[in-house]
Amino acid sequence: LLRTLLRGLWVPSPREAADVATAFDELRRKAPDVIIADWEMPPPDGIHFVRTLRGLPDDTLRRIPVLMVTAHTERWRVNAARDAGVSEYLAKPVTLGGLADRILAVLEQPRAFIAGGAFRGPCRRRQYLPFAGPDRRSDTTVPPRLDALRAAWGTCVARPGAMAPIEQLFAAAET
């Protein structure tokens, strides 16, 4: 289902992994722009995958946005996913609109990456309230390749159905 929905969002060939070990092999082969993980991955589970990803020494891999897809909607699970470093959370059944909204959220509204204490992941605050303390965010800049991808996506949205923006989007995604 996710593969079909991603193709509906112009992702021509989404990569898949049957388990955590295969997922890390794929990540090291070529880093994606977004990871979609299921809580119920074969053991170890999706939360373990995200915690391991956020603990990697490679900063590029560690910062990849992660969208957690699951049938579990209990508050403690949402909080556990957030605390593990998940960027967005999507409850099943997954719809094209819901998937597109979450992917757009991580691409168009990326949160600063925090690396402090035991936590590594996107800022857990949804509200940006004034904070009177030292800034522990390791980097608040957006990687250039993400800027190019975001710009190409904006052109696709502004000119639906036009082929040139779609080609720009694919070119940006391949870099």
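Modeller: Let's start with helix H5, residues 75-84, where Arg77, Ala80, Ala81 and Ala84 are buried (buried means under 20% relative accessible area, with a 1.4 Å probe and protein chains only). These four cover an arc of only 100 degrees around the axis, which puts them on the same side of H5; the arc is taken from the directions from the helix axis to the C-beta atoms. Helices here are DSSP runs of H or I with at least four residues, strands are E runs of at least two, and both are numbered from the N terminus.

A quick word on the source: this is a predicted model, where local features need pLDDT of at least 70 and side-chain atom pairs count only at pLDDT 80 or more, while totals for chains, interfaces and linings use all residues. Residues are numbered from 1 along each chain as its sequence is written, and side-chain values use heavy atoms, leaving out hydrogens and water.

So what do the buried residues of H5 pack against? Their partners are helix H3 (46-54), strand E3 (88-91) and strand E5 (119-122), with contact meaning heavy atoms within 4.5 Å. Just after H5 comes Gly85, with a positive phi of about 110 degrees.

Now for the sheet that E3 belongs to: it is open, has 3 strands in the order E1-E2-E3, and its pairing is parallel (two strands pair if DSSP finds at least two bridges between them). Its edge strands, E1 (35-38) and E3, each pair on one side only. Between E1 and E2 (residues 66-70) there are 4 bridges, and Ile35 stands opposite Val66 in E2.

How values were computed: Buried means under 20% relative accessible area, exposed over 50%, partly exposed in between (1.4 Å probe, protein chains only).
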